[in-house]
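Dear colleague,

I am handing over the structure we spoke about, and below it I have set out what was found. Please read the notes with the structure open beside them.

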Amino acid sequence: MFMRKSTSLLRLPFVRAKSALVTAVPSDPAAYVANKLAQFDAMQFTPIRESTVSREMTRRYMSEMIDYAETDVRLEMHFWCIVGAGSAGLSCAYELSKHPDVKVAIIEQNVAPGGGCWLGGQLMSSMVVRKPANEFLDELEVPYDDKGDYVVVKHAALFMSSVLRKALLAPNVKLFNAVAVEDLLVKQEDEGVAVRGVVTNWSLVTQNHDTQSCMDPQVMEAKVVVTATGHDGPMGASSAKRLESLGALPSGLPGMGALDMNTAEDAVVQMTSEVVPGLIFAGMEVAEARGCNRMGPTFGAMLLSGQKAANLAIQALRR
């Protein structure tokens with residue numbers, strides 16, 4: 001295990017990850033700037049037809065929608081769907097990307113992925129992560145300030161951009177943003193209700209059903225669905241609320257309790273589980289369904305809950 005020693009604030013406040021990229025410093029800054037400006041002044045983009053741009057985007061997106069619509073048995077690929085591209089959902093996607101026989105679709109109804117993890121708390125940028133979740137930061141090569149029992153990432157966006165990059169570089173992961181999950185694909189099987197996929201639509205369509213004529217959704221079939229839509233709100237705890245309405249969860253969800261960091265993070269990770277066959281809860285949606293406390297601006301449980309959900313999904317496949 002790669003360990004960091006505490007670093008004095010009189011030196012470098014944030015410790016670099018062991019192989020973080022270091023920006024080269026120009027030996028002659030004035031000459032460097034003059035040379036770069038001359039390059040920009042002489043630069044001309046290669047020509048392109050506008051239709052080529054449209055064709056490239058449309059062809060790639062539509063082929064990926066077809067590819068991720070269901071499991072391709074011929075290729076022995078197993079399809080997972082993650083609902084929500086916040087810290088828990090993306091941590092789950094990254095963990096699943098380690099398994100080449102799995103393809104993962106991340107469904108995020110916002111244009112920008114990341115959920116509430118672009119900032120630490122109350123619009124303040126630093127990100128506090130309690131140990132041992134710093135081990136995940138080490139794996140992602142995210143630098144931090146080691147404070148003993150916890151670490152501090154200088155900006156939450158540094159973590160979010162790192163895990164997002166790692167997940168999206170994986171050949172078996174695809175992010176469908178600006179896409180909403182309107183419902184779950186539910187089957188009645190021998191053991192009871194089982195989730196076997198999600199019902200999707202463009203987010204702008206979902207937000208305007210009341211003002212437009214009927215615009216039916218589409219379906220993505222999946223071996224396992226991981227839902228990480230966060231705590232209750234306009235877009236939160238959507239799968240938990242849907243299961244409640246179907247009677248698959250007891251009526252009257254407890255909702256997350258008041259803030260208690262020391263109990264909340266342990267409880268969220270411990271209670272990350274397969275709630276019904278084919279559906280795993282991760283992140284703060286666990287608190288909504290199970291009634292554990294909220295943890296506020298500390299993020300270790302989000303990272304580890306996502307990782308645990310991924311491994312539960314792999315275990316479900318082997319079952």
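This is a predicted model: local features need pLDDT of at least 70, side-chain atom pairs count only at pLDDT 80 or more; totals for chains, interfaces and linings use all residues.

β6 belongs to an open sheet of six strands with mixed pairing, in the order β6-β2-β1-β10-β13-β12. β6 and β12 (273-276) stand at the edges with a single partner strand each, so one side of each is left without a neighbour in the sheet. Neighbouring strands of this sheet are turned against each other by 25° on average, direction ignored.

The partner of β6 is strand β2 (residues 102-108), and the two pair in the parallel sense over five bridges, with valine 104 standing opposite valine 173 in β6. Elsewhere in the sheet, strand β10 (residues 224-227) and strand β13 (residues 279-281) run parallel and are joined by three bridges, and here valine 226 stands opposite isoleucine 280 in β13. Helix α7 (residues 238-246) packs on the sheet, where it touches β10, β12 and β13, and its direction makes about 125° with that of β13.

β6 also meets helix α5 (residues 156-169), whose buried residues pack against it as well as against α3 (87-96), β3 (127-130), α4 (134-140), β5 (150-153) and α10 (300-318). Those buried residues are Ala156, Phe159, Met160, Ser162, Val163, Leu164 and Ala167. Helix α5 has 14 residues and reaches 20 Å from its first C-alpha to its last, close to the 20 Å expected at 1.5 Å a residue.

Technical notes: Residues are numbered from 1 along each chain as its sequence is written. Side-chain values use heavy atoms; hydrogens and water are left out. Helices (H or I, at least four residues) and strands (E, at least two) are DSSP runs, numbered from the N terminus. The expected span of a helix is 1.5 Å times one less than its number of residues. Buried means under 20% relative accessible area, exposed over 50%, partly exposed in between (1.4 Å probe, protein chains only). Contact means heavy atoms within 4.5 Å. Two strands pair if DSSP finds at least two bridges between them. Axes are lines fitted to C-alpha atoms, for helices over the stretch in contact, and angles run from 0 to 180 degrees between N-to-C directions.
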